[in-house]
Amino acid sequence: MHKVLAVIMVLCLTALNIAGCGSDGGSATTGNSAAASAVVVKNSSLPVGTNGTAYKTFLGASGGKAPYIWSIVTGSLPPGIVLTADGNLYGTPTTLGTFNVVYKVTDSSSPAQSDQKPLEINVSTLTFTPPTAGAGFYAEFCSFCHLDLGSSGQQHKDATLAQVKAAIAADTGGMGELGAGGLFPLSDAQLTSITAAIAGTASTYIAPSFTTTSLPVAVAGTPYSQTLTAKDGTLPYVWATMGGDPIPAGLSLNAATGVLSGTPTTAGTANVIFMLTDANPSTMVHQPITITVNAAAAGPDGAALYASKCASCHGALATSAKKGRTAAQIQAAIGGVGSMSSLSTLSAAQVQAIATALQ
Ligand code: HEC
Ligand code: HEC
C-alpha cells in the first residue's frame with residue numbers, strides 16, 4: 001500500500017465514526033475527540049521503508065490526555081530505526097524484511113490510560129517518489145476521503161484555498177492532520193496547487209523554462225544591458241539568483257523585468273545560477289549562466305601618437321597650432337595636405353585618440 005495513503009486511511013477511518021468520511025455533505029465536526037474518551041492508537045498500518053533510505057513516520061493517538069508516551073511491548077524494530085518516547089519512528093533501515101512490533105501508548109491522565117496495537121514495518125527495496133504537483137498531492141492527501149480527482153463523486157470542485165484552509169483549521173472530518181501540527185502539514189503552496197488541480201486549471205500548466213541560456217561578454221567600465229527571457233508558465237515571472245556566484249559588481253537584476261544591467265566594475269568570470277518563479281507557487285526553475293567581464297580594452301594613447309606623428313610640424317601638444325581640431329578635420333588634412341599624406345596609415349581609432357588629446 002502506498003505509504004502516505006495508508007496513514008491517511010487511518011485518518012479517514014477515524015473520521016468515518018464522526019463525520020462520514022468522503023460522504024456527501026457531512027457536517028463540519030471536530031475529528032479529535034475530547035479528553036474524557038479512551039486513549040487509542042490511531043495508526044492502522046505503517047509506511048513501507050526503503051532499505052538504505054531515511055525513514056520517518058509518526059505514531060498517533062487520540063483521546064485520553066496528551067502528551068502521550070510511546071513504548072514497545074514486544075517485537076523488534078528494523079535495525080537502523082528507533083522509536084522516541086513522543087512517537088517518532090525514524091532512522092535508515094539496513095535490513096530487508098517484515099518487522100512486527102506491539103506499540104503501547106500511555107497518556108497523561110491520572111490514573112494513566114494506555115492502548116496497544118501490533119503494527120508491522122516492511123523494509124523493501126522499493127523506492128517512494130513523493131508527489132510534486134497538485135494532482136499528485138490530491139491523490140496523496142485528499143482523494144482517499146473525497147474520491148479521485150475528476151471522478152463523478154469528487155466533491156468540492158470549486159474549493160478555494162481559503163475554504164480548504166478553513167476546513168483544515170476546523171479539523172473538518174479529520175482534515176486537521178493536514179494543518180500545522182498535524183501528521184501531514186501541507187504548505188500554502190501545496191494547497192494552492194491542489195485547488196488548481198481540483199479546478200482543472202493545473203492540467204494546462206506548463207512549467208516555465210529559460211530561453212536565455214548564455215549572456216554576451218561584458219566589458220569593465222562599459223554600460224551593459226541584457227534581458228533574461230523564458231517561455232511558458234503563468235505570468236508574472238519573478239527573476240532572482242540562487243546559489244552560485246554573485247552577479248558581477250556593478251550589474252543588477254530587475255526582479256520584475258529580468259533586465260540585467262549596469263556598468264560592471266571589475267574583470268572576471270561569475271557562474272551565476274538564475275532562478276525563475278511564476279504565479280504557480282510550487283514552480284521554481286534554475287539556469288546557470290556564466291557572465292564574463294573583460295578588462296576595458298586599452299585605447300590608443302592620443303598624446304603619445306601626437307608627440308610621434310604631429311609635434312615635429314605643429315609643435316608640442318600643450319601649445320599645438322591644431323588645438324581643438326576634430327577627428328574629421330584631421331582626416332581631411334591627411335587626405336588634403338600633401339606633407340601629411342604619409343599619415344594615412346593611422347587608424348580611425350588613432351586619429352580619434354589624437355583629436356581627443358587635442359581638445
Ligand atoms: C481524513 C479525511 C479527509 C481528508 C484527508 C481530506 N478531507 Fe476534506 N473533508 C473531509 C470531510 C469528512 C469533510 C466534510 C464533508 C464534506 O464536505 O465532504 C471535508 C470537507 C472538505 C471541504 C469543504 C469544507 C467546507 O467548509 O464545506 C473541502 C473544500 C475539502 N474537504 C477539501 C479537501 C482537500 C483539498 C483535501 C486534501 C488537501 C481534503 N479535503 C482532505 C474529509 C477529509
Ligand atoms: C610633415 C609635417 C606635418 C605633419 C607631420 C603633420 N602636419 Fe598637419 N599640416 C601640415 C601642414 C603643412 C598643413 C597645412 C598648413 C596648416 O594648416 O598648418 C597641415 C594642416 C593640418 C590641419 C588642417 C588645418 C587646420 O588647422 O585645421 C590639421 C587639422 C592638421 N594639420 C593636423 C595634424 C595632425 C593631428 C597631425 C598628426 C597626426 C599632423 N597634422 C601632422 C603639416 C604637417
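Student: Which element of the protein has the lowest mean pLDDT, and which has the highest?

Tutor: Helix H1 (residues 3-19) has the lowest, at 38, and strand E16 (residues 259-262) the highest, at 97. pLDDT is the predictor's confidence in each residue, from 0 to 100. This is a predicted model, in which local features need pLDDT of at least 70 and side-chain atom pairs count only at pLDDT 80 or more, while totals for chains, interfaces and linings use all residues. Residues are numbered from 1 along each chain as its sequence is written; chains are lettered from A and ligands numbered from 1 in the order in which they are written.

Student: What pLDDT does the protein average, and where does pLDDT stay under 50?

Tutor: The average is 82, and 85% of the residues score at least 70. Residues 1-35 stay under 50, and the model has 65 contacts beyond four places in sequence for them. A contact means two C-beta atoms, placed from the backbone, within 7 Å.

Student: What makes something a helix or a strand here?

Tutor: Helices are DSSP runs of H or I with at least four residues, strands are runs of E with at least two, and both are numbered from the N terminus. By that rule the protein has nine helices and 18 strands.

Student: Why is aspartate 171 called buried?

Tutor: A residue is buried if 20 or more other C-beta atoms, placed from the backbone, lie within 10 Å of its own, exposed if 12 or fewer do, and partly exposed in between. Aspartate 171 has 21 C-beta neighbours inside 10 Å, so it counts as buried. Aspartate 171 is in the loop between helix H4 (161-169) and H5. Its phi is near 60°, a positive value in a residue other than glycine.

Student: Why is serine 108 called partly exposed?

Tutor: Serine 108 has 14 other C-beta atoms within 10 Å, which puts it in the middle class, so it is partly exposed. Serine 108 is in the loop between strand E8 (97-106) and strand E9 (114-124). Not counting residues up to four places away in sequence, serine 108 touches Lys65, Ala66 and Pro67.

Student: What else is in the loop between E8 and E9?

Tutor: Proline 111 is there. A cis peptide bond joins serine 110 and proline 111, with omega of about 0°. Another cis bond runs from leucine 235 to proline 236, with omega near 5°; proline 236 is in the loop between strand E13 (230-231) and E14.

Student: What makes a group of residues a nonpolar core?

Tutor: The members must be buried Ala, Val, Leu, Ile, Met, Phe, Trp, Tyr or Cys residues, joined through C-beta atoms within 7 Å. The largest such core has 15 residues, and Tyr138, Phe141, Cys142, Ile194, Ala197 and Ile198 have the most contacts inside it. Helix H2 (134-141) and helix H5 (188-199) each give two or more residues to this core. H5 gives the most, with five residues. Another core, of twelve residues, lies apart from this one; Val41, Tyr55, Leu89 and Tyr103 are among its members.

Student: How do you know that E14 and E17 pair?

Tutor: Two strands pair if DSSP finds at least two bridges between them. E14 and strand E17 (residues 268-277) have five, in the antiparallel sense, so by that rule they pair. Threonine 241 stands opposite phenylalanine 274 in E17, and glycine 244 stands opposite valine 272 in E17. E17 also pairs with strand E18 (residues 285-294), antiparallel over nine bridges.

Student: What makes E11 and E14 edge strands?

Tutor: Four strands form an open sheet of mixed pairing, in the order E11-E18-E17-E14. Strand E11 (218-219) and strand E14 (238-244) each pair on one side only, and that is what an edge strand does.

Student: Which strands form a hairpin with four residues between them?

Tutor: E6 and E7 do, and glycine 87 in the turn has a positive phi of about 95°. Strand E6 (residues 81-83) and E7 pair in the antiparallel sense over three bridges. Valine 82 has tyrosine 90 in E7 as its bridge partner. E7 (residues 88-91) also pairs with strand E3 (residues 55-58), antiparallel over four bridges.
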